[in-house]
Amino acid sequence: MNSNDKNTDYDELGEWAEHDMTLPKDSATAKRGDDAAAAGKALLERVGAGRPSLAQDAGISGASPKRQVRLPQPLSNKLDELAQRQHRKPSELMREAVEEYIQKHSA
């Protein structure tokens, strides 16, 4: 996949790198475990890369701040089920829900 492609699925790439990618057993250059994580982080810091900003899809420049929320297990399960039925990611549904809530309550 091309990392410049706006349709790149970074979660899919991460899953592949962590679970499906195979390295030669006797490789002297392949990094593994903590060494691989440190090398990857250093590379991303050097090139200033990472996940693309969500704002760019809306034509806005800048970072996309990360927010975390804890959900009760039944609600989390419902979110996952709905996302799967709609062929979307739970994060997309949460962003949409927050936007709708703010629009409704900002008047």
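**Figure 1. Contacts and overall make-up of the chain.** Among contacts (heavy atoms within 4.5 Å) whose partners are separated by 6 or more positions, 19% join residues 24 or more positions apart. What you see here is a predicted model, in which local features need pLDDT of at least 70 and side-chain atom pairs count only at pLDDT 80 or more, while totals for chains, interfaces and linings use all residues. Numbering runs from 1 along each chain as its sequence is written, and side-chain values use heavy atoms, with hydrogens and water left out. The secondary structure amounts to 4 helices and 0 strands, where helices (H or I, at least four residues) and strands (E, at least two) are DSSP runs numbered from the N terminus. Along the sequence this reads as α-α-α-α. Of the 107 residues, 6% count as buried; buried means under 20% relative accessible area, exposed over 50%, and partly exposed in between (1.4 Å probe, protein chains only). The accessible surface comes to about 9,800 Å², with 51% of that belonging to carbon and sulfur atoms; such areas come from the Shrake-Rupley method with a 1.4 Å probe, and for residues only the protein chains shown count as cover.

**Figure 2. Confidence along the chain.** The predictor's confidence in each residue is given as pLDDT, from 0 to 100. For this chain the mean is 82, and 84% of the residues reach 70 or more. Which element has the lowest mean pLDDT, and which the highest? Helix 1 (residues 10-20) has the lowest, at 80, and helix 3 (residues 73-86) the highest, at 96. A friendly reminder for browsing: where pLDDT is low, the predicted coordinates should not be read in detail.

Figure 3. Helix 3 has 14 residues and reaches 20 Å from its first C-alpha to its last, close to the 20 Å expected at 1.5 Å a residue. That expected span is 1.5 Å times one less than the number of residues. Just after helix 3, His 87 takes a positive phi of about 55°, although His 87 is not a glycine. His 87 belongs to the loop between helix 3 and helix 4. The residue is exposed, with a relative accessible area of 75%.

Figure 4. Ala 83 sits in helix 3 and Leu 93 in helix 4. Buried or exposed, what is Ala 83? Ala 83 is buried, with a relative accessible area of 1%, and Leu 93 also counts as buried, at 9%. Leaving out residues up to four places away in sequence, Ala 83 touches Arg 88, Lys 89, Pro 90 and Leu 93. By that rule, Leu 93 touches Leu 79, Leu 82, Ala 83, Gln 86 and Arg 88. For another distance to check on screen, the C-alpha atoms of Ala 83 and Met 94 are separated by 9.8 Å.

Figure 5. Side chains of opposite charge can pair when their charged atoms come close. A salt bridge is counted when a side-chain nitrogen of Lys or Arg lies within 4 Å of a carboxyl oxygen of Asp or Glu, and the structure holds 3 of them. In this view, Lys 89 and Asp 11 meet at 3.5 Å, N to O. Lys 89 lies in the loop between helix 3 and helix 4 (90-105) and Asp 11 in helix 1, so the pair ties together parts that are 78 residues apart in sequence. Both partners are partly exposed: Lys 89 has a relative accessible area of 32%, and Asp 11 has 37%.

**Figure 6. The network around Arg 88.** Arg 88 and Glu 92 meet in a salt bridge at 3.8 Å, N to O. Arg 88 also pairs with Glu 96, with the closest N and O atoms 2.8 Å apart. Through shared partners, these salt bridges join Arg 88, Glu 92 and Glu 96 into one network. Each member counts as partly exposed: Arg 88 at 26% relative accessibility, Glu 92 at 31% and Glu 96 at 36%.

**Figure 7. A nonpolar patch on the surface.** Val 69, Leu 71, Leu 75 and Met 94 make up this patch, with about 330 Å² of accessible area together. Patches are made of residues with over 30% relative accessible area and no salt bridge, with nonpolar side chains (Val, Leu, Ile, Met, Phe, Trp, Tyr) joined within 5 Å and like charges within 9 Å. Leu 75 lies in helix 3 and is partly exposed, at 45% relative accessibility.
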